[in-house]
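I opened this model to look up its fold, its sheet and a few individual residues. The entries below keep the order in which I went through them.

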Amino acid sequence: MIKILFVCHGNICRSPMAEFVLKDMVKRIGKEKNFLIASAATSSEEIGNPVHYGTRKKLLEYGISTDGKYAVKLKASDYDKYDYIIGMEKINIANILRITGEDKNKKVFRLLDFSKNPRDIADPWYTGNFDETYNDVKEGCESFLQYLKKKAEDLHN
C-alpha cells in the first residue's frame, strides 16, 4: 500500500483538494485499495474546521465529495507513517520539515515538482481562484500517478 499525505497551511483548501482529487483518480482506475491518501495542515489555525466552501463547491462540479473531512495538523510521527508527504508550495515544505525533522528518507515533495512545469500552487484562500488551484492540483496528481507508474515499472524491469 502506498501512503500519501498532502499538506498545506490550513488543511481546508489545497491539501484536501489534492486528497480528494487523487482518491477520485485512483478509484476511477480501480486501485483505491492500493492507496492510503490523507491531508494535514502545518498550522493550527483551522484545526477542526470543515473543508473551505470554495474547495467543496469546485470539487462538487466533478462529483467529488469532501464530506466528513475536518482539518488536522501534521505531526512529527506522520513522517514514519507515510511514504510521500507532499506540500503545495515551498513554504509548506519548509514547515513540513520544521515539524517532522530532516527528510532522511527523501519522502517530502512539492506536488507540482512531479509535473513538467514545477511551481508552487497558489493558495485560493488568498487568491479566491479555486479554478486555477483545481487545475494545478489535477495536473500535480496526474503527474504524481505517472511518477508512481514509472517507478513501479522500473522496479519490475
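These are my notes, going from the whole chain to single residues.

**Ground rules.** I am working with a predicted model, in which local features need pLDDT of at least 70 and side-chain atom pairs count only at pLDDT 80 or more, while totals for chains, interfaces and linings use all residues. I number residues from 1 along each chain as its sequence is written, and side-chain values use heavy atoms, with hydrogens and water left out.

**Whole chain.** Read from the N terminus, the elements follow the order β-α-β-α-α-β-α-β-α-α. The radius of gyration is 15 Å, close to the 15 Å from the globule rule for 157 residues, so the protein chain is as compact as a globular protein of that length; the radius is taken over C-alpha atoms, and the rule is 2.2 Å times the number of residues to the power 0.38. The C-alpha trace spans about 45 × 35 × 30 Å along its principal axes. Of the 157 residues, 50% count as buried, where buried means under 20% relative accessible area, exposed over 50% and partly exposed in between (1.4 Å probe, protein chains only). I also checked contacts, defined by heavy atoms within 4.5 Å: among those between residues at least 6 apart in sequence, 74% join residues at least 24 apart.

In what order do the strands of the open sheet lie? The order is 2-1-3-4 for the four strands, with parallel pairing; two strands pair if DSSP finds at least two bridges between them. Strand 2 (35-41) and strand 4 (108-110) stand at the edges with a single partner strand each, so one side of each has no neighbour in the sheet. Direction ignored, neighbouring strands are turned by 25 degrees against each other on average, with axes fitted as lines to C-alpha atoms (for helices over the stretch in contact) and angles running from 0 to 180 degrees between N-to-C directions. Strand 3 (residues 84-87) and strand 4 run parallel and are joined by three bridges, and I noted Ile 86 standing opposite Phe 109 in strand 4. Helix 1 (residues 14-28) packs on the sheet by touching strand 1 (2-8) and strand 2, and its direction makes about 170 degrees with that of strand 2. Helix 4 (residues 90-100) also packs on the sheet, touching strand 1, strand 3 and strand 4, at about 165 degrees to the direction of strand 4.

**Cysteines.** I found zero disulfides, a disulfide being a pair of cysteine sulfur atoms within 2.5 Å. For Cys 13 the nearest cysteine sulfur, that of Cys 8, is 6.7 Å away, and Cys 13 is buried at 3% relative accessible area. For Cys 141 the nearest is again that of Cys 8, at 13 Å, and Cys 141 is buried at 0%.

**Trp 125.** This residue is found in helix 5 (residues 124-127) and counts as partly exposed, because its relative accessibility is 47%. Leaving aside neighbours within four places in sequence, Trp 125 is in contact with Ile 12, Cys 13, Glu 46 and His 52. Trp 125 and His 52 are 73 residues apart in sequence, yet 8.4 Å apart in space, C-alpha to C-alpha.

Conventions:
Helices (H or I, at least four residues) and strands (E, at least two) are DSSP runs, numbered from the N terminus.
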